[in-house]
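This report describes one protein chain for a reader who is new to structural analysis. Please keep the sequence and the structure in view while reading.

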Amino acid sequence: MGILPPNSYWTKDNRMGPALIRARKPFMIKNIVTGLCITSFVIGVYAFTIKAVAQDDFSDVQIPDAPEQPPHTPHTGTLKTPPDLAELRQKGIKGT
């Protein structure tokens, strides 16, 4: 892959050249109006959603009681705890 050929629309320091500014000028107002319409639509949907959610009344929903928690039992897994170092020395096994 080579370097892209130079483009006449951009200057060497990657700024818009005069030709690009002239080419974009007729569309500037249309683009600004379109951007404002999209932005106002998004803000309107957001405001409507917040307003609709704020009006919800959950007083008729019954909240169930908290489930009973079983008493805490000690761990009863199948893994054995490692023997103490003193027990190993009594058996004659060297430990670290």
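Met-28 lies in helix H2, which covers residues 28-54. Helices here are DSSP runs of H or I with at least four residues, strands are runs of E with at least two, and both are numbered from the N terminus. The model is a predicted one: local features need pLDDT of at least 70, side-chain atom pairs count only at pLDDT 80 or more, and totals for chains, interfaces and linings use all residues. Residues are numbered from 1 along each chain as its sequence is written, and side-chain values use heavy atoms, with hydrogens and water left out.

With a relative accessibility of 42%, Met-28 counts as partly exposed. This term applies between two limits: buried means under 20% relative accessible area and exposed means over 50% (1.4 Å probe, protein chains only). Together with Ile-29, Ile-32, Val-33 and Leu-36, Met-28 forms a nonpolar patch on the surface, and the accessible area of these residues together is about 490 Å². A patch is made of residues with over 30% relative accessible area and no salt bridge; like charges are joined within 9 Å, and nonpolar side chains (Val, Leu, Ile, Met, Phe, Trp, Tyr) within 5 Å. Accessible areas come from the Shrake-Rupley method with a 1.4 Å probe, and for residues only the protein chains shown count as cover.

## The segment before helix H1

Asn-14 is placed in the segment before helix H1 (18-24). Its phi is near 60 degrees, a positive value in a residue other than glycine. Asn-14 is exposed, at a relative accessible area of 64%.

What does Arg-15 form with Asp-13? The two residues form a salt bridge, in which the closest N and O atoms are 3.3 Å apart. A salt bridge requires a side-chain nitrogen of Lys or Arg within 4 Å of a carboxyl oxygen of Asp or Glu, and by this rule the count comes to one. Side chains of opposite charge can pair when their charged atoms come close. Arg-15 is exposed, with 56% relative accessibility.

## Ala-19 and Tyr-9

Ala-19 belongs to helix H1 and is partly exposed, at 25% relative accessibility. Ala-19 and Tyr-9 are separated by 10 residues in sequence, and their C-alpha atoms are 5.8 Å apart in space.

## The chain as a whole

The chain contains three helices and zero strands, and its pattern along the sequence reads α-α-α. Of its 96 residues, 2% are buried. The accessible surface of the chain is about 10200 Å², and carbon and sulfur atoms account for 64% of this area.
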